[in-house]
Amino acid sequence: MTDPATARPLRFVIGEGVRRVREAHGVRQEEVSRAARAYGLAWARSRIAALERGDKAVSADELTLLPLIMSAACTRPVALSELVAPDVWVRVGDRAMPGSDIAAIWAGGMPLRGRNVPGTLQDLISEQADAEAARPDFDRLVALGAFGEHDGEELRGLWATGASLAEERAATRLSERPRVVAYLARAVWGASLDEERDRIVAERDPDASPDRRRALRGQVNRELVEVLAAEIARREKPATESAAPTT
């Protein structure tokens with residue numbers, strides 16, 4: 001049995017299980033894709049590849065159909081429990097459970113060895129489909145003090161939500177990373193940039209015409225981007241001051 005500290009999100013474990021079962025039966029990804037389409041899922045071969053890498057979350061509908069899809073592709077019954085290796089640890093919410101317990105739950109049983117696991121920076125990084133691509137976002141958040149203010153679970157929620165369109169555009173204007181802008185918006189206003197902008201617009205002119213509302217949204221958006229720029233400068237200032245030579 002592996003260490004609970006190695007627990008990974010269920011989608012990664014399911015993906016590995018799909019690949020393991022597929023390869024054991026000499027089945028190609030195209031054949032799994034064909035079986036998925038027969039069950040109403042528009043899965044191309046690239047979607048099967050992404051599933052096996054753990055790049056994509058699996059919905060409840062997809063998880064329900066997955067044993068039927070694999071059974072059709074492998075021409076023998078494949079139980080859902082076969083897709084989760086019994087000796088690996090799986091992260092489910094704030095719990096780490098061995099694969100055998102996951103299978104027991106699906107069969108109507110109860111978990112035996114689940115335990116709480118803390119959310120850490122490394123946990124967040126390892127959950128990304130491409131850890132190297134995710135690292136600059138994390139490094140920037142660390143530099144701006146995010147991990148001193150919020151724990152891993154709160155940041156994990158932000159990561160799942162991602163940046164809004166307005167936050168992506170603000171990131172371009174600020175030469176910043178979109179998820180960093182999304183984090184700062186929530187740190188400053190407790191809401192996304194879009195939500196704070198729309199709140200202010202409604203407060204300033206609740207009866208505005210569509211044209212007036214559009215103009216107000218643009219004006220308020222610019223004001224909020226300036227607030228975010230000042231917040232970035234404020235957070236960067238202590239590091240700059242500490243690095244300055246003493247006289």
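Colleague: How much space lies in the second largest pocket?

Modeller: A pocket is an open set of points on a 1 Å grid over the protein atoms alone, where a 1.4 Å probe fits and protein lies on both sides within 12 Å along at least five of seven lines. Its volume is the space filled by probe spheres set on the points, joined across faces, edges and corners. Here the second largest pocket holds about 180 Å³. This is a predicted model: local features need pLDDT of at least 70, side-chain atom pairs need 80 or more, and totals for chains, interfaces and linings use all residues. Residues are numbered from 1 along each chain as its sequence is written, and side-chain values use heavy atoms, without hydrogens or water.

Colleague: Which residues line the second largest pocket?

Modeller: Lining residues have an atom within 4 Å of a point. For this pocket they are P9, L10, R11, I14, D55, K56, A57, V58 and L63. Helix α1 gives the largest share, three residues. Helices (DSSP runs of H or I, at least four residues) and strands (runs of E, at least two) are numbered from the N terminus.

Colleague: How do the residues of that lining divide by class?

Modeller: Six are nonpolar, three are charged and none is polar. Ala, Val, Leu, Ile, Met, Phe, Trp, Tyr, Cys and Pro count as nonpolar; Asp, Glu, Lys and Arg as charged; the others, Gly among them, as polar.

Colleague: What does the side chain of R11 reach?

Modeller: The backbone oxygen of G54, at 2.8 Å. A polar contact is a pair of N or O atoms within 3.5 Å; within protein, one must be able to donate a hydrogen and the other to accept it, and residues adjacent in sequence count only if both atoms are side-chain atoms. R11 also pairs up in space with A57: their C-alpha atoms are 5.7 Å apart, across 46 residues of sequence.

Colleague: Next, E52. With which side chain does the side chain of E52 make a polar contact?

Modeller: That of Q29, at 3.0 Å. E52 lies in helix α3, residues 45-53. Its relative accessibility is 4%, so it counts as buried. Contact means heavy atoms within 4.5 Å. Beyond its neighbours within four places in sequence, E52 contacts G15, E16, V18, R19, R22 and Q29.

Colleague: And N221: what does it touch?

Modeller: A166, L193 and R197, leaving out residues up to four places away in sequence. N221 is in helix α13, residues 210-243. At 15% relative accessibility it counts as buried.

Colleague: Now the backbone. What is the phi of T75?

Modeller: Positive, about 55°, although T75 is not a glycine. T75 lies in the loop between α4 (60-74) and β2 (89-92). Its relative accessible area is 71%, so T75 is exposed. S175 also has a positive phi of about 55° and is not a glycine. Its loop runs between α10 (165-174) and α11 (178-189). S175 is exposed, at 68%.

Colleague: Zoom out. How many helices and strands does the chain have?

Modeller: There are 13 helices and four strands. Of the 247 residues, 41% are buried. Among contacts with a separation of 6 or more, 57% join residues 24 or more positions apart.

Note on methods: Buried < 20%, exposed > 50% of the residue type's maximum accessible area, 1.4 Å probe, protein only.
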